[in-house]
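Student: Could you walk me through the pockets and the surface of this protein? I have the model open and would like to start.

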Amino acid sequence: MRVAVVGLGWVAREVWLPRLVKHPDFEVVAVVDPRPEAVERVGALVAGARVYGGHEELGRGEADLVFVLTPNHTHGALAGHFLRQGLAVFLEKPTGTDFAHLRHLEEAARDGGGRLLLSTAARHRADVGELAHLVADGALGTPRLAELSWVRSRGIPGSDWFARRETAGGGVLVDLGWHVIDALHHLWGASGVRHATALPGSDFLTREGWGADWHAGAAALGTADVEDQLTALVATERYGMYLRFAWASHETVDRTRLVLHGTAGTAELTTTFGFSPRRVPEATLTLRQEGTERRVPLPPAGVGDEYDLQLDALPAELARTDATGRALREAREALAVVEACYRATSADWTAPETNS
């Protein structure tokens, strides 16, 4: 499958391009980025691929699949452009920063016949897969409450656009929260949001030393108007959600927790999503039922394996006639939770623009 990659930032350089060039099902035939220095950084990976400075330069018949890996606010316009050309599009999260973006994608796919796939790597994690087995086997019973958290010890993204609402659409909730909320919907199914209350904060964004050190050049940001931490309670039609996300904290490791409380049992997964070197010593999955507790064995897994597994699954996903409709439905379901949390925050809250 001929692949064009649009946007050559960190997620392209470190996550998707190295895997695409090694995968037997894909051939990277073109890359698109207006910045010569960005193209230079991936030169060794994509030797022989055509290089374009703008997405309009990519010809209609040059690729079968386009990876759109650009800043959040461009997702709707760029993915829409290729969908109208009838191309398959793989879109990094978030699918859109508001519902207007999703309507644009829906119209573009309908008019052009393109097919949309979303980045849902967390679903492909081995530990999340074992949690899914417990749910499918009925070990938890009827869903009641999900406690979801991804708290980094230090891990503010290294690109300035992440810190501006205009370009990112939000802060840590859009970045880390989207992954975990999507994983919950994969496990328990989405549920309509009835009410939310949320408290954002921004204590680390403009302070030195709290950047993600796996992002080259990560440093304190001069200005920021998004949250670097958010805590929320969300009531849905079928279950409750407790959410806690933070780009930086006083924790010693980066920890991701999915705790699912049901009528028949509670399952608790403690692990580390993402690429941080500050990981929990061991991922654990625990099942508690009627006063008993047992550890559920987890298969061995390497950092980033979930991205390889999602690539393995892409051809079959592309073959589904309902791929676009399903992708847009799942995007709406995740965005509904994000939007509810942001609406619940104080209207006059703004992050500090300078280090006090």
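Tutor: Helices (H or I, at least four residues) and strands (E, at least two) are DSSP runs, numbered from the N terminus. The model is predicted: local features need pLDDT of at least 70, side-chain atom pairs count only at pLDDT 80 or more, and totals for chains, interfaces and linings use all residues. Residues are numbered from 1 along each chain as its sequence is written, and side-chain values use heavy atoms, with hydrogens and water left out.

Student: Which helix gives the most to the lining of the largest pocket?

Tutor: A pocket, on a 1 Å grid over the protein atoms alone, is an open set of points where a 1.4 Å probe fits, with protein on both sides within 12 Å along at least five of seven lines; lining residues have an atom within 4 Å of a point. At least two lining residues come from each of α1 (10-22), α3 (75-84), α7 (172-188) and α8 (305-319). With four residues, the top contributor is α1.

Student: What is the volume of the second largest pocket?

Tutor: Its lining draws at least two residues from each of α5 (126-136) and α8. A volume is the space filled by probe spheres set on the grid points, which are joined across faces, edges and corners. For the second largest pocket that comes to about 370 Å³.

Student: Is Tyrosine 242 buried, partly exposed or exposed?

Tutor: Tyrosine 242 sits in strand β10 (residues 240-246). Buried means under 20% relative accessible area and exposed over 50%, with partly exposed in between (1.4 Å probe, protein chains only). Because its relative accessible area is 31%, Tyrosine 242 is partly exposed.
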